[in-house]
Amino acid sequence: MERHDAIVIGAGLNGLVAAAYLARAGLSVLVLDRASAQGGIAAEHEVAPGYRLPRFTLGSGGLPPRIAADLDLPRHGLRFIRAEGGVTCFPDGGYHASYRDGIVHRREIARFSRRDADAFTRYRRDMLRAAGGLAPLLAGPAHTPARGIFGGLRARLSLADRIAAIAPGDLRDILRLWTLPASDFLDAYFESDAVKAHLAAAAMMGGTLGPRTPASASRLVFPWLSESGDATGGAPETLMPFGGPAALVQALTSVILASGGRLRMEAEVTDIRIKDRKVQGVVLANGEEIGAGAVLSGLDVKRSFLSLFQWKDLPEGLVERVGRVRMKGVAAKVNMALDAAPVFPGLPEGCPSLGGGLRLAGPIPAMERAWADWRERMPPRDPLIEILMPSFLDPSLAPRGGHVLSALVQYVPEVLHEGPWPVERRDALGDLVMTRLAEVSPGIGKHVVALEVLLPNDVENEIGLTGGDFAYGETTLDQMFANRPFPGMGGAETPLRNFYLCSPSAHPGPLVMGGAGANAASTLLGRLGKAVRA
Amino acid sequence: MTPDTAPPNEHPDIEIDLGSEQATVDPALFEEVPAEPPFARTVHTTPLHIVTSAESRTNRWTDWNGYTVPEVLTDLGDEYRALRGAAALADHSPLVKYRIFGRDALDYLQRLVTRDLAALEVDTAVHVVFCEGRGLVLGDGLLFRLGEEEYRLVTEETHLAWMMDSGEGFRVGIADVSATLALLSLQGPLSALCLHEAGVANIDGLAPFAARWADIARMPVYVSRTGASGDLGYELWADAEDAPHLWRHLMEKGAPHGLRATGFALRELARLEAGFPRAGKDYLSALAAVASAGASTPFELWRNPLVASGKAVFNGGRALRSLAPVPPRRRLVVLVADALEPVSLSSVLSGTRQVGTVTTSGFSPALGANIAFAMVEDEAADGELALTATLREGLGAREVVLRARILPAPLKP
């Protein structure tokens, strides 16, 4: 029987990061995926011949420099583009853009309110402070109080130290951030509805909270996590891998292969062999068995436990706890191929911020109504839409003159109140997106070569992501840090020996790209007594 | 006039008088909110750009509050000699200017700033500091009382959000008048003479920090005896459209007495010698300092900060009263390091331990030494101090340690 030190299930981004770390540490690693190409939800897809984009995600976001350096990714061809923070277009024809340059960004805000232009200084300070407090918690494995008496104690003490060192005023700021609705939080800084809507729209994307839902303020800090704080800067930047997520996947694959790891596509794992609560290996769909010292699952937490194991093999209560993890689809993906560059007459010509994406959003009350529709499982009437045209920055993604357009439609329920999505509702959603797009780019409909609409349910069916939840589990405080994916299992280690979770269902979730994979690898290597080879 | 209605053989531009600056000043250059998108223009100029750019022999420009201003117009040494020996004219329009007016203006300002303003008379100015609730400095500036219920606050950075938030409950209006008000700084021992020559009568009668309206070449100008040079000097507040004419007029009348146009580098050097810290450079506003240790109290920044004891309530008052008797943890001091040439200074050492950081540095021709603002731990400030400097020779760089001493009082030239 074939046997490896470690098997990684799922060649998604985090699976590949974990495999790369393990392979570089000298382990024999095998990555298995049922799809024919690597990438998981970030896999590249041809929406029409020659038009390439990531099928399920927008594909923005950068790896933390630590992971890129550990894995030597620049040497394997990975480059990142630093784009501006993006533009929000409002229904009244106005827009608000983000700029990295502090003076330019302040002038932008001053178009709406001079007072708010000045208030941005304090907002930026508070966001950077919050991000600075959050960054160490997200950088490594979660501090799980339950595990290892001494390690746990030390972690708990260091956490207690850190909390004790927080000044009372700062503690109040932390509390505000983690409890308040985004709208109330922003009201404490800004007066302009456009400024607030621009910040809220960027923050609400990908989350299950509305701008007026308690605790949604915490999402405001996420775009600032990778910013470094000099005193005069502007809005946070957007990082994008040059060549799209496909380039990132390719670089990671190249690292794995160069370090002696192996990848097998079209190899679906259907079962995990377990004996005395110790994982022994995997069984493929074709009946083939492969032995492994450790198995790392890049699937979401529900799929990892509920579909790979016989439930009778799982420890008591685990099935229930995994079942209670909240994973809810919140966005539909619309992919488009265009035979010409879309024009946006409402935006200034050559607006550099467009490279960081375009959001179509109403003011905060409209966003909240869109969220309420989602909660009531209504088909969206006025959703929040985020658009990225990666071919603007990287023309190789489309045939000459053509463009690819990715849109995430936020607040799309998995199942409607009336039942599963009927075909006409799906078509209506596609039409709604086209109508909203045509409002900011008249005539764009004439240039559409291909269009596909992927509902949360399609994402689940095609890629196996439960609920089509791109966050791999809600990112609310009760499902973050040591509580991710559920209290008692914080981090990559699972109640089953030799079985690790390397998907964003584990800490740090979707907040740090590749973070879950890196954590799983370092946890396993720590168990094996090996150091991470940088 | 469209081309087909224009009479033949007549140049359509003929009506524009090329000799008049007004015709060539682009009003959009200093508009409050430019119509174009913010990214489109990276060079923003002040109303005086037309005259300063004409004076520039070096083409060296720098950014001040988002505006492009001359760094050095001719030669820093010459400009310095003019400032200390005759008179120097500079464009200080990038400073932020707020108009504060209304029935409660005085009450409001009493709440905003730390010092007591009860004795502030019309047509005088005072240096003010304003703090947030924990007694950390937000900014400092010059406050003018222009009328009974009319004030002007001049600061280095914008504070509109804080000022409006503090204004809750007061019948007060706050307006940012930075765009419409140009500021010419005329400093130096012969500055009064230059003003006299320019037609300002009885300028010697103007006491320090006093101000009055004057008529210069039929332009209304508010003249104040203020400035951050530590020397005799005046600031001239004029309408943005008048400013280039006023500049020309002053240069014409003052040049025979040694008046020179000067740039931003000289302002930095002069304020360093005179001991005026600059917001954003020597200290960070408490609302901008990401690390809470990056913010400072007034006791750390000024030797004798004016914190009122009689005033009932003002922003940061309670915190400042409890801070006042405690020696500050660190102090902003002016250090002098003997070296015959300008060097680049970075950190302050006491023995081998770093006890501070240099925030601004320059070479003072008056002292013949390097001079620097540095935030230094209070305990170390009384002991022996040294500065690390980088000396460049050819392509090589050498770290040296220079002995430094604290300048006890601002330089009196």
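This is a predicted model: local features need pLDDT of at least 70, side-chain atom pairs count only at pLDDT 80 or more; totals for chains, interfaces and linings use all residues.
Residues are numbered from 1 along each chain as its sequence is written, while chains are lettered from A and ligands numbered from 1 in the order in which they are written.

Domains first. Chain B is divided into domain 1 (96-176) and domain 2 (329-413), with bounds from an automatic or database domain assignment. Taken over C-alpha atoms, the centres of these two domains of chain B are separated by 34 Å.

Next, the sheet. In chain B, 5 strands form an open, antiparallel sheet, ordered S5-S6-S7-S4-S8. Strands here are DSSP runs (E, at least two residues), helices are runs of H or I with at least four residues, and both are numbered from the N terminus. Two strands pair if DSSP finds at least two bridges between them. Strands S5 (124-131) and S8 (173-176) of chain B are at the edges with a single partner strand each, so one side of each has no neighbour in the sheet.

Strand S4 (residues 96-101) of chain B pairs with S8(B) over 4 bridges, in the antiparallel sense. Within S8(B), Ile174(B) is the residue opposite Ile100(B).

Finally, the contact between chains. It takes 23 residues from chain A and 18 residues from chain B, where contact means C-beta atoms, placed from the backbone, within 7 Å. Helix H5 (residues 160-166) of chain B gives the largest share of the chain B side, 3 residues.

Technical notes:
Two residues are in contact if their C-beta atoms, placed from the backbone, lie within 7 Å.
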